[in-house]
Amino acid sequence: MTKQLWIILVVVGLVGCASPAPPATTVRPDAPLPTATATLTPSPEPSQTPSPSPSPNPTATPFITPPPAGRPAAIPILMYHHITDLAPTESALEHDWTVAPGNLDAQMSWLVEHGFHTISLAQLAAFFTGSQPLPQKPLVLTFDDGWEDDYSTAFPILKKHNYTATFFVYTSPLDHKQFLSWSQLAEMVKAGMEIGSHTLTHPHLKDLSTEEAKKEIQDSKATLEKRLGIPITTFAYPFGDYTSAIVDQVKQAGYETAVSISGGYNQSSNQLFLLHRIRVSYKDTLPDFASRLP
Ligand SMILES: [Zn+2]
């Protein structure tokens, strides 16, 4: 790949994720989902005993069984992109979509200390649709776009803390400079990480024809399943862009969940295709980070 091409890919990826969340569309209750849900990853069993010190937030309400249909459950889904150190001269945009490795490590330590247990989005789906219990203080960690630093930087930090995460990758840049390789992805899957689809080429789905959008949504799933040999059950909308028609296409393609980029930690059974995520940015201090969690 030429230097020019990968620079374009990098710019597209960075700018791509920088779009603000679209205006919320009206959310209709999801159609009933099949109860059979494939589990992608082994249940994460943190080997470290959580600190007995109580959470500093008195409103934290640990639970292990789903709330009544449509009622929210506190399951934060954190959203990360690049994990690397930035020079102060880098753009504000880049600072918004990057977290320093030292900060990621400190954030993971904080989560372990406060008794959070990482789960996959397949587990979240099974919780809401099949009443499969979750460990107390469940949390989903997500990393978008398939940057190489997912493997070189984030993955070792996750393993150090016995945490798992969901990596949303788009397939076209895989095996190219600055992006994950298929063999790195396979190694991450083997270590219990969940892989989700982020389309083939990271387009603005709402600008595509129905057929083009369908291809991005369906073929990325099929490609990842074929190459990795696992079910791909979760989807992330590029740029956080969606319409009700796109949400329907994601459901029809056979995904069980999809994540948006709108904030908050409450999730519910009627929003499994517009799950909320909390963005973590470069400037966030540990108190900033903690203040967004239940
Ligand atoms: Zn993205």
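Reader: What share of the 294 residues in this chain is buried?
Author: Buried residues make up 41% of them; buried here means 20 or more other C-beta atoms within 10 Å of a residue's own, with C-beta atoms placed from the backbone. This is a predicted model, where local features need pLDDT of at least 70 and side-chain atom pairs count only at pLDDT 80 or more, while totals for chains, interfaces and linings use all residues. Residues are numbered from 1 along each chain as its sequence is written.

Reader: OK, how many helices and strands are there?
Author: The chain has 9 helices and 12 strands. Those are DSSP runs numbered from the N terminus, helices (H or I) of at least four residues and strands (E) of at least two.

Reader: Which residues sit on each side of it?
Author: Pro138, Val140, Thr142 and Asp144 are on one side, with Leu139, Leu141 and Phe143 on the other. In a regular strand, side chains alternate between the two faces of the sheet.

Reader: Switching to pairing: in what sense does E6 pair with strand E2?
Author: Parallel, over 4 bridges, with E2 being residues 77–80. Two strands count as paired if DSSP finds at least two bridges between them. Methionine 79 has threonine 142 of E6 as its bridge partner.

Reader: And what's the bridge partner of threonine 142 in E7?
Author: That's threonine 166. E6 and E7 (residues 166–169) pair in the parallel sense over 3 bridges.

Note on methods: A residue is buried if 20 or more other C-beta atoms lie within 10 Å of its own, exposed if 12 or fewer, and partly exposed in between; C-beta atoms are placed from the backbone.
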